[in-house]
Amino acid sequence: MDRLLSGPPLTAGAESYGAHQQRFGLLPAAAARSLIGRLEASNLAGRGGAGFPVGRKWRAVAERANRKGVVLANGAEGEPLSLKDRTIMAARPHLVIDGAVLAADAVGADDIIFYVGAEHQAAEAAMRYALTERSADLRGRARLIQAPRGYVAGEESAAVHFVNAGDARPTITPPRPFERGVGGRPTLVQNVESLAAAALVARGDDAGTSLATLSGAVRRTGVMEIGLDATLAEVAASGGGLVRPVQAVLLGGYFGGWVDINDVWALPLAPGSLRARGHAFGCGVLYFLAEETCGVEATARIIGYLASQSARQCGPCLFGLGAIDAAGRRLAARSAQPDDLKRIARWSGQLAGRGACKHPDGATGLLRSALGVFADDYAAHQRGFCVHRAPAVGRPVAMAQAVA
Amino acid sequence: MREQLQVDRIRCDGHGLCAELLPEVIALDDWGYPIVKAGTIAPTLLEHARKAVDACPVLALKLAHLAEP
């Protein structure tokens, strides 16, 4: 059974087209016709973060494209704790290209765009070189566009907006990209790992693995391919184990959520298993928060970043996240105003669904998970103290002055 | 015909006239931006909803017609 990262070690750099073909054989071009049905049957969920079913997304474009659709392979990867998209583009560019070609054939697209984060230089170089190794016919249909830096640039309407008008800010939907996207044409915006996984499904694999990026209090940080039936405990073990006791895990990245380690340790990471408990695998980020580290402070850093990444178009996102950020920083610094905790709790329920894109939804979802998992810590910080020894990352901080 | 209020969040500048004209459906958050109650507009409020739509200085509010269920 082939996997996303089977083959030569990642340190060997980009796999050549020759080596790729030796492992996989020719692209099964005829597979495109039946591929949408097989993707639906495989239950492959998108790996960009939202987890939308891949087969259903392809079908929605196929119903409208009339051979004039567009495939936008999304490798913007602005998620700060995620490395997996740049890794698969840098190491297995031909698997990503295979997926994009199959997608174009399956949905009826004559334009393929590889949208690659400008800061992912190794990935961009590998993708550009890999395209030169492919047929003239493919090169004529494909182009690579640098995605600008920033968290929101990878949001699908923002990606389409950037290709159309050089402006990587989200637009009002509907119309969604599958209805009217690049050049006004039905557009499939699909994460690069999802495309690579689709290329495996086309060859008869079951898409039972996913890429994850491990960080925090785990021995081996970085990108790992995991079986989706593996539990978090098993994944941590294959990451060399934990380096110190862990209290919580950030699951799914900055738009994901904190989960108490005891609630998730024995849980399989398959999307359905997580969804049943209100969690999401998202883009595969697994950050292990050590016992000694303060969750209030870690959350304040994340919210601070997300507030800074607002496209500043919609009032609830700009002002709401700004206010949550300011109150969250005061709480983290143990210098809260009297009602800061009450206010961020209230605001955390008010912003979802009130932006052009899901940025406020993602940020407040993360905050709500923190208010639950770190409830005692928030209450302590509101009263001016912290029971944790270590700051979230790096910088020295005085030991807590008092303990409840 | 069932009708629902929709806000173009990019256009909306938080003038707040909609909440004055239709307080039964629209509240304002701490920064003056509308929070629209979920669901369709009751027939008795439709006239007020249309006035709120017309009053928006940046044309950010609209009444969308939903197909019959």
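This is a predicted model: local features need pLDDT of at least 70, side-chain atom pairs count only at pLDDT 80 or more; totals for chains, interfaces and linings use all residues.
**View 1. The domains of chain A.** The domain assignment divides chain A into domain 1 (10-202), domain 2 (209-290) and domain 3 (295-382). The centres of domain 2 and domain 3 of chain A, taken over C-alpha atoms, are separated by 23 Å. Where these two domains meet, nine residues of domain 2 of chain A and ten residues of domain 3 of chain A take part in the contact. On the side of domain 2 of chain A that touches domain 3 of chain A, the largest share, four residues, belongs to S8(A). Sorted by class, this side of domain 2 of chain A has six nonpolar, two polar and one charged residues.

**View 2. An open sheet in chain A.** Five strands of chain A make up an open sheet with mixed pairing, and their order is S6-S5-S9-S7-S8. Strand S6 (222-227) and strand S8 (257-260) of chain A are the edge strands, since each of them pairs on one side only. On average, neighbouring strands of this sheet are turned by 30 degrees against each other when direction is ignored.

**View 3. Strands S5 and S9 of chain A.** Strand S5 (residues 209-216) and strand S9 (residues 285-290) of chain A run parallel and are joined by four bridges. Within this pair of strands, A:Thr213 stands opposite A:Val285, a residue of S9(A).

**View 4. A helix across two strands of chain A.** Helix H16 (residues 359-373) of chain A lies across strand S7 (246-251) and S8 of chain A. The angle between helix H16 and S8(A) is about 25 degrees. Strand S8 of chain A is also one of the edge strands of the sheet described above.

**View 5. The contact between chains A and B.** Eleven residues from chain A and nine residues from chain B form the contact. On the side of chain A that touches chain B, there are five nonpolar residues, five polar residues and one charged residue.

**View 6. The surroundings of A:Arg354.** A:Arg354 is located in the loop between helix H15 (340-348) and H16 of chain A. This residue counts as buried because A:Arg354 has 22 C-beta neighbours inside 10 Å, and the cut-off for buried is 20 or more. When residues up to four places away in sequence are not counted, A:Arg354 touches A:Pro316, A:Pro360 and B:Arg9. A:Ile88 lies 266 residues from A:Arg354 along the chain, and the C-alpha atoms of the two are separated by 34 Å.

**View 7. Two cis peptide bonds in a loop of chain A.** The peptide bond between A:Thr173 and A:Pro174 is cis, with an omega of about -5 degrees. The bond from A:Pro174 to A:Pro175 is cis as well, and its omega is near 0 degrees. A:Pro174 lies in the loop between helix H8 (156-165) and strand S4 (187-191) of chain A. A:Pro175 is likewise found in the loop between H8 and S4 of chain A.

View 8. A:Asn43, a residue other than glycine, has a positive phi near 60 degrees. A:Asn43 is placed in the loop between helix H2 (31-42) and helix H3 (54-65) of chain A. With 15 C-beta neighbours inside 10 Å, A:Asn43 counts as partly exposed. A:Arg67, also a residue other than glycine, has a positive phi near 65 degrees. A:Arg67 is placed in the loop between H3 and strand S1 (69-75) of chain A. A:Arg67 counts as exposed because this residue has 8 C-beta neighbours inside 10 Å, and the cut-off for exposed is 12 or fewer.

**View 9. The fold of chain B.** Chain B contains two helices and four strands. Starting from the N terminus, the elements of chain B follow the order β-α-β-β-α-β. The radius of gyration of chain B is 11 Å, which agrees with the value near 11 Å for a compact globule with 69 residues. Taken along the principal axes, the C-alpha atoms of chain B fill a box of roughly 35 × 20 × 20 Å. Of the 69 residues of chain B, 26% count as buried. Among the contacts in chain B with a separation of 6 or more, 59% are between residues 24 or more positions apart.

Definitions and conventions:
Residues are numbered from 1 along each chain as its sequence is written. Chains are lettered from A and ligands numbered from 1 in the order in which they are written. Two strands pair if DSSP finds at least two bridges between them. Axes are lines fitted to C-alpha atoms, for helices over the stretch in contact, and angles run from 0 to 180 degrees between N-to-C directions. Two residues are in contact if their C-beta atoms, placed from the backbone, lie within 7 Å. Ala, Val, Leu, Ile, Met, Phe, Trp, Tyr, Cys and Pro count as nonpolar, Asp, Glu, Lys and Arg as charged, and the others, Gly among them, as polar. Domain bounds come from an automatic or database domain assignment. The radius of gyration is taken over C-alpha atoms; the globule rule is 2.2 Å times the number of residues to the power 0.38.
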